[in-house]
Amino acid sequence: MADPVKLTIDGRPIEAAPGTLVIDAAKAAGIEIPAFCYYEGLTLQAACRMCLVEVEKMPKLMTACTLPVAQGMVVRTDTPQVHSARKYMLEFLLTNHPLDCPVCDKGGECELQDMTFRYGAGESRYADEKVHVPEKQYSPVVFFDAPRCILCYRCVRICNEGLGVGALGVINRGVFSEIAPNRGDHLECDECGACIDICPVGALTSGAYRYQTRPWEMTHVGAICTHCADGCKTTLGTRNGRILRGNNRDRSGVNGEFVCIKGRYGFDFYDHPERLHAPLARVNGKLEEVSWAEALGIVAKKFQDTLAAGGSFGVIGSNHTTNEENYYLQRFARQVLKSNNIDHHRTGDVAALLSKLAGGAPSGPACPTSGKAEGLAGESACPTIARLATVSDLYQRKAILILGADLALEHPLLSFQIRANYRHHQARIYAVTPGPVREDKYAAASIRAATPADCFAALEHLRDKLRAEPELVVLFDDSFQGADIARLVDFGESLGIPVQYVCLLDYSNSHGAMDMGLAPEFLPGYQPSGQPGLRLNEMLEANLDVLWVVGANPGDGRDVSEMQTGDGRTVPNGVIRNCPRFVVVQDMFLTETAQRADVVLPAACAYEKNGTVTNVTGEVQALQRAVDAMGAKTDLEIFGFLAREMGVAAELGPWTPAAVFEEIRSRVPGYDLPWPAIAAGGAVQTSAVSGPISSTQGAPARSDHNGLFASGTLGRYSRVLNSVLEGRVAR
Ligand code: SF4
Ligand code: SF4
Ligand code: SF4
Ligand code: FES
């Protein structure tokens with residue numbers, strides 16, 4: 001590493017790496033230089049002149065945001081000349097500013113307001129009439145108020161560089177300059193709201209949040225987005241029991257500041273008018289509201305009677321519910337209902353990847369630290385380079401290979417990380433996908449391949465290039481399953497470089513559902529279940545006595561293709577071929593599956609419960625309850641109350657998230673994770689396997705390939721996702 005550069009800032013000796021900007025060197029030393037246009041990670045703009053500093057031997061003030069440190073440089077940030085420069089720059093920025101802070105959404109967290117308080121003049125000398133331009137609406141979620149804009153270009157750059165969309169630009173000149181959308185009078189873009197977040201003033205505001213509250217009136221709760229498997233931390237602003245805003249401005253979590261439209265706005269399903277607030281039971285063929293005691297009593301009796309009669313059960317779990325709920329549910333199914341008929345809608349074959357990585361003799365090069373061949377993180381593996389990539393690895397590793405998925409639409413955070421890696425570290429990106437993808441713009445190679453066979457042919461074509469890379473992360477979607485995944489790992493091993501993998505999955509806890517044993521063939525931690533029960537699709541076609549569906553909607557037609565009629569009752573979307581005699585559904589809404597249930601138990605959503613989830617890269621994070629569920633209960637509570645009603649609660653143990661997580665820590669391989677780190681908002685990666693997996697012959701995996709504006713059944717209940725033009729077009 002090159003020798004550090006020595007300089008002084010405000011009389012303090014400082015060392016910084018060559019190339020460091022003065023603004024960053026000062027920040028690292030705890031010296032704040034005010035800035036508007038400068039933004040870490042984006043290209044330099046030098047538009048606002050707020051960061052002017054004195055530099056010895058320089059004839060005039062310099063912009064600290066564009067000035068690299070130099071040996072012996074003497075910088076002063078706190079002199080009368082610097083202060084007056086800041087004051088005059090603010091006066092200039094405010095000449096046309098409406099100063100409507102009392103009604104501006106940004107008030108209280110506005111950088112212009114803060115700087116004006118700190119450095120600005122109490123009075124303006126500007127006496128002319130201000131140029132007024134009416135506010136414009138660029139989309140249902142993006143509003144623009146031109147007079148508030150200070151032309152820092154942050155929005156333009158985050159959209160172009162960060163998102164790779166480039167939907168914003170500047171039109172006109174001078175005082176008439178305006179940020180303009182890509183379609184003349186409206187936006188067609190990802191609708192992610194990153195431009196709103198990054199705007200230092202209230203020029204860009206959110207259609208979902210504007211005029212609802214002031215920032216200081218909200219409680220801020222760190223939740224995990226429930227829509228896709230990437231696991232973005234979403235800080236929810238709540239007030240009076242309502243969620244009003246989603247963002248992640250404190251940069252905690254695996255995603256830093258990034259959230260896509262679903263993380264920022266898609267929480268709004270939680271108070272959809274069709275939300276269930278009371279249990280329903282079928283009376284004379286119709287679902288009617290009943291009390292919790294009555295509903296639990298009906299279900300408990302049915303379960304007990306069926307058990308006593310030696311009847312059959314099927315349990316379908318969820319890839320949205322928490323690890324604790326999934327773990328408890330599979331225990332309930334196996335211990336109480338004596339059934340291995342338990343599964344969920346699988347969206348990627350993560351078991352096949354873990355099996356191959358755990359079972360195959362590591363053949364990669366020796367780990368530079370341990371001297372061992374590189375393998376899975378765990379006892380026998382290299383401690384420095386896990387074979388499963390983290391979200392952070394996608395930003396750090398030198399080369400990335402994408403197989404199958406359109407990441408920008410299906411895994412927005414992973415796509416964002418890879419794009420940032422390319423911009424900041426010049427990572428080489430290889431895209432082998434069925435159709436054009438956003439990564440094509442900067443990929444070292446893009447190849448169109450529709451099937452795994454085409455992909456393997458493309459990989460052979462790329463072999464020499466990949467072999468020349470120092471390291472590689474491979475992401476693959478559900479087009480790779482079973483033996484194809486083993487073959488893919490063999491290909492990776494044959495490159496002779498460290499290779500990490502990401503098996504792409506759809507939902508917030510798809511990974512956790514597998515890890516916790518929501519599978520007929522696996523107990524938690526992929527241990528063999530002994531007598532594998534029915535898979536999801538088999539349960540839907542079997543003539544079971546009881547079907548218990550938790551947070552899933554197999555009735556929407558994804559899991560079996562044909563329409564069918566049951567035992568005489570109307571079946572809305574026809575997938576449960578041989579209608580079970582008794583169906584219990586736990587859900588937020590009266591889904592197609594719930595409509596044909598005998599008892600429906602209203603369930604809390606991810607933002608109304610505590611617990612943990614495991615994202616697509618196997619990183620475990622904590623959910624925190626942001627608001628209380630009206631009339632609904634968490635799935636874990638429902639299991640617990642049901643167990644109590646059946647007299648088996650003692651057998652299953654306490655049903656609090658903390659108690660179940662403790663049990664998971666002690667029983668599930670790979671999950672003995674440090675709770676304080678997770679509770680504090682950290683993400684801790686797990687591999688959940690301790691050795692070769694004996695069988696991976698499970699249900700086939702089918703990704704729903706949700707785009708940016710869809711989210712399985714849940715997406716139907718998000719007002720914002722349904723309001724944006726792009727979502728309507730995508731449908
Ligand atoms: S919402 Fe996102 S994609 Fe649309 S203009 Fe803003 S930053 Fe760009
Ligand atoms: S709209 Fe906001 S982020 Fe964009 S240039 Fe204006 S002040 Fe900067
Ligand atoms: S990338 Fe996925 S997890 Fe992140 S905010 Fe979007 S939908 Fe949520
Ligand atoms: S922050 Fe340096 S010119 Fe804007």
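**Ligand shells, a buried helix and aromatic pairs**

In this predicted model, ligand 2 is surrounded by 14 residues, where a residue counts as near a molecule if one of its heavy atoms lies within 4 Å of it, and the closest of the 14 are Cys149, Cys152, Tyr153, Cys155 and Cys199. By class, this shell around ligand 2 holds 13 nonpolar residues, no polar ones and 1 charged residue, with Ala, Val, Leu, Ile, Met, Phe, Trp, Tyr, Cys and Pro counted as nonpolar, Asp, Glu, Lys and Arg as charged, and the others, Gly among them, as polar. Residues are numbered from 1 along each chain as its sequence is written, and chains are lettered from A and ligands numbered from 1 in the order in which they are written. Local features need pLDDT of at least 70 and side-chain atom pairs count only at pLDDT 80 or more, while totals for chains, interfaces and linings use all residues, and side-chain values use heavy atoms, with hydrogens and water left out.

Around ligand 1 lie Cys159, Ala167, Leu168, Leu187, Cys189, Asp190, Glu191, Cys192, Gly193 and Cys195, which divide into 7 nonpolar, 1 polar and 2 charged residues. The shell of ligand 3 consists of Cys225, His227, Cys228, Asp230, Gly231, Cys232, Val259, Cys260, Lys262, Gly263, Pro412 and Leu413. Two or more of these residues come from each of the elements α6 (261–264) and α12 (412–425), helices being DSSP runs of H or I with at least four residues, and strands runs of E with at least two, numbered from the N terminus. By class, the shell around ligand 3 has 7 nonpolar, 3 polar and 2 charged residues.

Helix α9 (residues 350–359) is largely enclosed by the rest of the structure, because 7 of its 10 residues are buried, that is, under 20% relative accessible area, against over 50% for exposed and in between for partly exposed (1.4 Å probe, protein chains only). These buried residues are Val350, Ala351, Ala352, Leu353, Leu354, Ser355 and Leu357, and they pack against β21 (472–476), α14 (483–494), β22 (499–503), α15 (510–515) and β23 (522–523), with contact meaning heavy atoms within 4.5 Å.

Across the whole structure, 15 aromatic pairs are found, a pair being rings of Phe, Tyr and Trp (its six-membered ring) with centres within 6.5 Å, and with planes under 30 degrees apart counted as stacked, over 60 as edge-to-face and the rest as tilted. Tyr328 and Phe639 form a stacked pair, at 6.3 Å centre to centre and 5° between the planes. This pair links distant parts of the chain, since Tyr328 belongs to helix α8 (residues 323–336) and Phe639 to helix α18 (residues 635–646), 311 residues apart. Both Tyr328 and Phe639 are buried, and ring pairs link Phe303, Phe313, Tyr328, Phe332, Trp548 and Phe639 into a cluster.
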